[in-house]
Amino acid sequence: MWPLWLLASLLALSHALPFEQKGFWDFTLDDGLPMLNDEEASGAETTSGVPDLDSLTPTFSAMCPFGCHCHLRVVQCSDLGLKSVPKEISPDTTLLDLQNNDISELRKDDFKGLQHLYALVLVNNKISKIHEKAFSPLRKLQKLYISKNHLVEIPPNLPSSLVELRIHDNRIRKVPKGVFSGLRNMNCIEMGGNPLENSGFEPGAFDGLKLNYLRISEAKLTGIPKDLPETLNELHLDHNKIQAIELEDLLRYSKLYRLGLGHNQIRMIENGSLSFLPTLRELHLDNNKLSRVPSGLPDLKLLQVVYLHTNNITKVGVNDFCPVGFGVKRAYYNGISLFNNPVPYWEVQPATFRCVTDRLAIQFGNYKK
């Protein structure tokens, strides 16, 4: 259930807040609102992230599709077995929730007149076809959640006002050049859970985008994709088939705060690869096949969290994490995970963690053959 202040914030469309790192979706915030988490977006719980409609005062009642709930400027039509987008939606609607239905197609006039729509939730339907002009009326749309459908391509002609696109768990195999053309406001794309291979990204596919957040997890990537936006603060490529990080793979991503590469098959990280990430704060390399701690960690002055658990690391050197001497690193580690590695932790020297906040920040042991 959404708290009332969350709904009020959504409807107010308040101005952007300065960046403050708090959690998984930090970089998607453009108005102080957290994005729907996977459970809310999929309707896994009975509330499905729907506000407490009985406690709100409606601003219109003349137009509300049969079976839906309409309060304030929210139209909630989830879990109704709908085959198509309902008619008689009030033109002042700002949030339209159509998740968990049986909609298979978005037609040309499905959203006609909804020029004030801010968020559209289409999660967990059967959408496989979208008319090229289906989104044309949505001139103020900022959030489009269309995950868990049957799409085989990125929808055409997305609204230029779009800020956030969640399109994970579809059947998309290709990201062509120009598909994101004109989306100058876009800062977040979640497209994991699609059968995307490296060859599926055409050169220039992300041209013009100034993304802060990109997630391409649970796909079929064998390496870090080329030509992703240089503006990225977060890049999540976990649960793929990446085997190595080569020297120039991270060259253009100097603004990354968080890099997620867990649950891959990484055996090697070429020396110097991490030197291109001077602002990195959090590095996820857990559940890979590394045999040693990656080189270059002591030079990352802002790095605070390193996940290295469930690898094949057999030795930890005294200078693997901290620079030589004391007081050199500007940010102290507050989390280093090394558990489930075949490293004899009783042989690791205490000075190895001289730039860690306290010993509770270090996780060792629990190795199982």
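Guide: What follows goes through these charged pairs one after another. The model is predicted, so to speak, rather than solved, and for that reason local features need pLDDT of at least 70 and side-chain atom pairs count only at pLDDT 80 or more, while totals for chains, interfaces and linings use all residues. Residues are numbered from 1 along each chain as its sequence is written, and side-chain values use heavy atoms, with hydrogens and water left out.

Side chains of opposite charge can pair when their charged atoms come close. A salt bridge here is a side-chain nitrogen of Lys or Arg within 4 Å of a carboxyl oxygen of Asp or Glu, and by this rule the structure has twelve salt bridges.

Strands are DSSP runs of E with at least two residues, and they are numbered from the N terminus. Both arginine 215 and glutamate 190 are buried, where buried means under 20% relative accessible area, exposed means over 50%, and partly exposed lies in between, for a 1.4 Å probe and protein chains only.

Arginine 215 also forms a salt bridge with aspartate 238, and here the closest N and O atoms are 3.5 Å apart. Aspartate 238 lies in the loop between β11 (234-236) and β12 (244-245), whereas arginine 215 is in strand β10, so this pair ties together parts that are 23 residues apart in sequence. Aspartate 238, like arginine 215, is buried.

Another salt bridge joins the side chains of arginine 252 and glutamate 230, at 3.6 Å from N to O. It too links distant parts of the chain, with arginine 252 in the loop between β12 and β13 (258-260) and glutamate 230 in the loop between β10 and β11, 22 residues apart. Arginine 252 counts as partly exposed because its relative accessibility is 29%, and glutamate 230 is partly exposed as well, with a relative accessible area of 46%.

Technical notes: Helix = DSSP H or I, 4+ residues; strand = E, 2+ residues; numbered from the N terminus.
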